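Biologist: I would like to learn how to read a protein structure feature by feature. Could we begin with strands and how they pair?

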Amino acid sequence: MFSPAKPVFDSIANPQAIVLAGPMRFTMLKSRLIRIEFSPEQSFEDRPSQVFWYRNQPVPEFQTYEKDGKLIIETADLELTYRLGEPPIARFIQIRLKANGVTWKYGDRDQTNLRGTARTLDRANGRIPLEKGLVSRSGWSLIDDSNSLIFTSDATLEPRGTDPDARDWYFFGYGHNYLAAIQDFQDISGKAGLIPRWALGNWWSRYWAYTQEELTELILEFKRREIPLSVCIIDMDWHITNTGNSSSGWTGYTWNKQLFPDPKQFLQFLHQNALKTALNLHPAEGIHPHEESYPQMAEALGIDPASNTPVPFDLTSETFRRAYFEILHHPLEAQGIDFWWIDWQQGTRSKITGLDPLFMLNHLHYYDLGRTPEKRPFIFSRWPGLGGQRYPIGFSGDTVVSWESLAFQPEFTATAANAAFGWWSHDIGGHFEGIEEAELYLRWVQLGVFSPILRLHSTNNPYCERRPWGYGLDTLEIVRRAMQLRRQLIPLLYSANYHNAITGEPLILPLYYGWPENPEAYQCPQEYLFCQQLLAAPITHKTDPDTRLARQVVWLPAGDWYDFFTGEYFEGNAWYPLYCSKEQIPVFAKAGAIIPLDAEKIANGTALPQEIILKIFAGADNSFRLYEDDGESQAYLQGEFNKTEIAQTYAHQTLTLQIRPISAKVKGIPRERTWSFEINGISHPESVLATADEVPVECTFTYEETKCKLIVHLPQLAVESKISLILGNVELQKWTSKVTDRLSQLITAERMPTSIKFQFISHLNELMNSPKWLRAIEHHFTHSQLLSILESIFWKQSQPIATDAQIAWLDAQLKLTEWIISTTKHG
């Protein structure tokens, strides 16, 4: 059984998977993943590296033979050729991908790598370069692990052996099966563990010297305004910053009693209000004499406390590491600290050549927090490179407050999947500098709702506002609804969290993971797959001043799609120009989707739901597995969890929904639960039958004709009940907005004289019958207004639509001309 208290390595590959050939050693790790080692001294490395821990994998089927002085190794997917006795240069080693015929030769450059992620977004104002990822449109990628350090124990690293010419590569030949590539990588490198349930709720954080009273009042104000929270971060001013010695004050381990006179009481207050908390750490400067723990730390490190000599920060020392946790951190955890925010100030070097302190801090803090069964290992820190996926979650750093920063974050978050990293947490609203805007803030929150983590944060500038009520009532209402929705999404998020821990599939994926052969999937970086069943495309740019709406062009892959919020139907394999109000978030569910929502939306914390709303999108058979446990401990490793299979099937004009508990061993799960159904994409059924354990139960239902939506409410039922909902004589039925309705909504929103609005709407039928009429009043419209009108008529597109204003205007003029010519020819 996996023990989070310390890593368990299994780094020596099965001898049956190894092929030796002079200075070369080839290890068949997977059918599409080969380790290639070169060592003139034949001193090959079997110990775990920083990146690869689990090389002992089931041996894939392969064969080896020699031909014309070449060694050939074939798996089901790859053919490796090596000229015996030669060094690994392009002429002597190559690998052919059988599926597509692509051949990699040693030294080839990966020109179409899809990139991965970056250590941090600190000071970024928009796009930044990303490190190379594990997947490429070429079908292959290569990881050079030659310079990563080697674990000699669970917490000790050292450089590799003395052979300077030794090389250690991992070849991935997965074609366009990107998900399989990152999953197999995690089989050998390690997966992210199951993060606590409370981490998926709304976080409050701010770099600000709050007093205990101020922060208490702030938390109560969130509660009064019905904005749910699950985490409250206490930034660096929790500790003494005016040190009176050589310490700058960034590093600290002693409560500032002027700000927090009773820390234990404050932590109890947070827990009583269903909030978890973390303290900010900047450990680089070590421990100075002003710290309460200084005498004990000094003695532990062999320093005379009377000397007032600072204790240097040194994670390469086993003695320091033990004291660092046992003296500095464990007592604060005993007071009530739940986890640690490891902020970064310690540089990239340490006493061990090649050891970045960030990697070591993440590794040590992660396993230390899981040292007892009551807590799961969990950190909050920057990304340390490949292998960092084992240590969730990531703090992306201090971004500039700007639309450019917001626009890059959907792509940055999704592309991190290419490095198997799925747990970025951004400063929602941006961190510093830039220009604060209400719309920018609310759009950032909307992105946060459909992100792995939603954490409000900013620097200690009084003009940086992150309180939802700080921008007026309109913004407050939109942000409140968004954060309440995040609270409701916890059942979906937590099930996806479990799926990630078991399979290695991140919560967020670029679209090309699902549709790798579609060029369009590579052209829409603002879109991503969310929790396996949704496609999200949050708005990341300003509302147009003339349309008073934000234009978002979205590509929907082949298939049937529904607006997650309204249930409107969209036919896939097309681009759609959407004009969104500030309240709207473009999110789509594919036919068959089953989305569980907690009916509770205002309570703090993330308790297991008493009532679950199932949003069902008809049109395809599908199943969803709802996962629940106590949300915090390691008891799930002993089988203490609840899984519920939820399925929809449609046949012979009957839609059947089933809820089947398949395990129920969770302490604290409600004994009874209420289920409600919101079923989109159907006609009014002739019959509605609900049963629990095959016994009919009363239910209430309503049908919304214009939305093709049925809402069904069941009574409270035992949580272990097997529930069925059978809709008889029902058709699959969809609704799509009419052109006239879209135009009416546009004209109502747009900035233009009311007389022109009235004239336009009054002649709407004429316009639809004879578009030439638009010529008479087109001069009253701005470029963006005319484009919005035309795009509402020519809604579904086969090609992406340019967003540049000038190109869009020319495109609009061209469409208008073609339209008029066409209608003129046809009378």
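Modeller: Two strands count as paired if DSSP finds at least two bridges between them. Keep in mind that this is a predicted model. In general, strands of a sheet pair through backbone hydrogen bonds, either parallel or antiparallel.

Biologist: Which residue is the bridge partner of threonine 81 in E7?

Modeller: Glutamine 94 is the partner of threonine 81. The two strands concerned are E6 (residues 78-83) and E7 (residues 93-97), which pair in the antiparallel sense over five bridges.

Biologist: In what order do the strands of that open sheet lie?

Modeller: The order is E4-E5-E6-E7-E8, five strands with antiparallel pairing. At the edges are strand E4 (62-67) and strand E8 (103-105), each of which pairs on one side only. On average, neighbouring strands of this sheet are turned by 15° against each other, direction ignored.

Biologist: How many strands form the open sheet that includes E25 and E26?

Modeller: Six strands form that sheet, in the order E21-E22-E23-E28-E25-E26, and their pairing is antiparallel. Its edge strands, each pairing on one side only, are E21 (508-509) and E26 (569-571). Strand E25 (residues 560-563) is joined to E26 by three bridges, and the two run antiparallel. Within that pair, tyrosine 562 stands opposite tyrosine 569 of E26.

Biologist: Next, helices. At what angle do the axes of H7 and H8 cross?

Modeller: The axes of helix H7 (residues 403-415) and helix H8 (residues 438-449) cross at roughly 10° and come within 11 Å. H7 is therefore roughly parallel to H8, since angles under 35 degrees count as roughly parallel. The crossing of H7 and H8 is left-handed.

Biologist: Now cysteines. How many disulfides does the structure hold?

Modeller: A disulfide is a covalent bond between the sulfur atoms of two cysteines. This structure holds zero disulfides.

Biologist: Is cysteine 232 buried or exposed?

Modeller: Cysteine 232 is buried, because its relative accessible area is 0%. Cysteine 708 is buried as well, with a relative accessible area of 4%. The cut-off for buried is under 20%.

Biologist: And charged side chains: how many salt bridges are there?

Modeller: Side chains of opposite charge can pair when their charged atoms come close. The count here comes to 41 salt bridges. One of them joins arginine 322 to glutamate 318, with the closest N and O atoms 3.4 Å apart. These two residues are four residues apart in helix H5 (residues 318-335), so about one helical turn separates them. Arginine 322 counts as partly exposed, at 43% relative accessibility.

Biologist: Which residue forms a salt bridge with glutamate 645?

Modeller: Arginine 625 does, and the closest N and O atoms are 2.8 Å apart. This pair links distant parts of the chain, 20 residues apart: glutamate 645 is in strand E32 (residues 642-651) and arginine 625 in strand E31 (residues 622-628). Glutamate 645 is buried at 19%, whereas arginine 625 is partly exposed at 44%.

Conventions: Residues are numbered from 1 along each chain as its sequence is written. This is a predicted model: local features need pLDDT of at least 70, side-chain atom pairs count only at pLDDT 80 or more; totals for chains, interfaces and linings use all residues. Side-chain values use heavy atoms; hydrogens and water are left out. A disulfide is a pair of cysteine sulfur atoms within 2.5 Å. Buried means under 20% relative accessible area, exposed over 50%, partly exposed in between (1.4 Å probe, protein chains only). A salt bridge is a side-chain nitrogen of Lys or Arg within 4 Å of a carboxyl oxygen of Asp or Glu. Axes are lines fitted to C-alpha atoms, for helices over the stretch in contact, and angles run from 0 to 180 degrees between N-to-C directions. Angles under 35 degrees count as roughly parallel, over 145 as roughly antiparallel, 65 to 115 as roughly perpendicular and the rest as oblique. A crossing is left-handed if the near helix is turned anticlockwise from the far one by less than a right angle, and right-handed if clockwise.
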